[in-house]
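This report walks a new reader through one protein model, part by part. Please keep the sequence and the 3D view at hand while reading.

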Amino acid sequence: MDFPEYNFDAMNEADVREEIVAPLIRHLGYRAGTEHDVIREQALSYDRSQLGRTKSNDPPLRGRADYICVAGGRVRWVIEAKPPTDPLDQVAEAQAWSYANHPEVRAVFFVVTNGREFKLYETNRGPTSDPLMQCTYADLQAKLLKIENTLKPENILRDHPEAIVDPGEPLAPGLRSFARIVSGRMRATSITPAMGPITELVISITSGSVERSADGTLLVNYATLAPLQSLQQANVQLGLSEVQLVSTDRVISVDKDRPTVLSGARSIVIPRGMPMLNMLDWKTNLTPVDLLTSVTIGASGYISGHTFAGSYDSTLTMSGGPRLFQFRLLGDFEVQLT
């Protein structure tokens with residue numbers, strides 16, 4: 001966007017609209033008749049009680065909003081332009097707010113400008129609140145990124161998602177009936193038989209979900225990422241890179257002394273001749289025979305805020321030919337839900 005120098009003393013309100021406001025709106029990605037629409041000169045009417053102010057210089061009972069920008073056909077914000085000779089005082093701010101707050105508009109933000117100066121407000125804070133951002137025309141280029149991050153269609157839609165009514169029972173206080181796992185970790189505290197490196201191991205939980213199964217009980221799915229490539233490959237082979245646990249509970253416990261209990265099990269055959277990490281010597285070898293691997297996982301925890309934390313107990317059994325190996329791993333976990 002270009003920022004030419006202007007002689008504001010020689011400009012009127014129409015000049016401010018055409019030379020400054022309209023290019024800014026286009027730069028942000030709004031066009032009349034598109035998904036991200038621009039409504040110009042929208043006539044509005046309201047009774048005086050809607051204006052929030054009752055002085056003789058209040059906006060008229062019939063008004064006209066200069067620009068209403070509509071992101072994605074649903075989220076609106078308003079720009080009110082003034083001539084450069086007008087101050088951006090409480091009267092100008094109240095007028096712009098009255099348009100933004102009008103029942104036919106319901107804008108989330110409003111901007112008031114006289115070309116020389118810009119002020120951005122959040123509508124629900126009222127007409128007398130401090131601006132979220134203000135700058136002079138000379139500083140507009142430096143502030144452009146902040147304006148884009150707030151008012152571009154994709155960003156305003158990101159910050160004002162469409163409301164979704166969730167008819168289900170909440171998983172826990174502050175959660176919906178479905179929750180995403182956004183991050184977490186599993187930390188090993190002991191292993192039998194003893195293996196030094198494993199007891200210092202931290203596995204990342206990268207994503208997942210908590211929901212209810214068809215019978216209404218809890219169903220947890222999560223994905224893991226090991227810090228070593230060889231160990232991650234072993235997790236994939238053993239089916240531990242993506243895990244599903246179930247519980248007989250309907251909600252996540254908030255009581256540390258009565259935690260939610262989860263469990264899961266999986267069996268996989270690893271064919272002979274496949275490269276696989278040997279956790280006894282920490283080397284990758286080819287499997288000499290078909291290996292039947294069975295993994296059982298038990299976990300228990302409780303939620304505080306959006307953090308679900310507790311302990312886990314997992315057992316890995318590998319059998320092939322006359323030999324049988326079994327490892328038991330204990331540790332703790334913590335995941336963030338949203």
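Where is the place of Ser-177? In this predicted model, Ser-177 sits in the loop that lies between helix α4 (153-159) and strand β7 (179-192). Ser-177 counts as buried, because its relative accessibility is 19% and the cut-off for that class is under 20%.

Leaving aside residues up to four places away in sequence, Ser-177 touches Asp-166, Gly-168, Glu-169, Pro-170 and Leu-171, and also Val-210, Glu-211 and Arg-212.

## The protein as a whole

The protein has five helices and 16 strands. Its radius of gyration is 30 Å, well over the 20 Å that the globule rule gives for 338 residues, so the protein is more spread out than a compact globule. Taken along the principal axes, the box filled by the C-alpha atoms is roughly 95 × 40 × 35 Å.

Of the 338 residues, 43% count as buried, while the protein exposes about 17800 Å², of which carbon and sulfur atoms supply 51%. Among contacts between residues at least 6 apart in sequence, 55% join residues that are at least 24 apart.

Six strands form an open sheet with mixed pairing, in the order β1-β2-β3-β4-β5-β6. Its edge strands are β1 (37-45) and β6 (133-136), each of which pairs on one side only. On average, and with direction ignored, neighbouring strands of this sheet are turned by 25° against each other. Strand β5 (residues 117-122) and β6 run antiparallel and are joined by four bridges; Leu-120 has Met-133 in β6 as its bridge partner. In general, strands of a sheet pair through backbone hydrogen bonds, either parallel or antiparallel.

Two helices lie across strands of this sheet. Helix α1 (residues 13-28) lies across β1, β2 (62-71), β3 (75-81), β4 (109-113) and β5, and runs at about 20° to β2. Helix α2 (residues 90-100) also lies across β1, β2, β3, β4 and β5, running at about 145° to β4.

## Cysteines without a disulfide

The structure holds zero disulfides. Cys-69 is in no disulfide, and the nearest cysteine sulfur, that of Cys-135, is 16 Å away.

Strand β8 has bridges to two strands named here.

Helix α5 (residues 229-238) has Leu-231, Gln-232, Ala-234, Asn-235, Gln-237 and Leu-238 among its buried residues. The buried residues of α5 pack against β8 and β9, and also against β11 (260-270), β12 (275-278), β14 (291-304) and β15 (307-320). Just after α5, Gly-239 takes a positive phi of about 80°.

## Thr-307 in strand β15

Thr-307 is found in strand β15, one of the strands against which the buried residues of α5 pack. With a relative accessibility of 21%, Thr-307 counts as partly exposed.

Which residues does Thr-307 touch, not counting residues up to four places away in sequence? They are Tyr-302, Glu-334, Val-335 and Gln-336. Thr-307 and Ser-183 are 124 residues apart in sequence, whereas in space their C-alpha atoms are 9.9 Å apart.

Methods
Residues numbered from 1 in each chain as written. Predicted model: local features only at pLDDT ≥ 70, side-chain atom pairs only at ≥ 80, totals over all residues. Heavy atoms only, no water. Disulfide = S-S within 2.5 Å. Pairing = 2+ DSSP bridges. Axes fitted to C-alpha atoms, helices over the stretch in contact; angles between N-to-C directions. Contact = heavy atoms within 4.5 Å. Rg over C-alpha atoms; globule rule 2.2 N^0.38 Å. Buried < 20%, exposed > 50% of the residue type's maximum accessible area, 1.4 Å probe, protein only. Areas by Shrake-Rupley, 256 points an atom, 1.4 Å probe, with all protein chains shown as cover.
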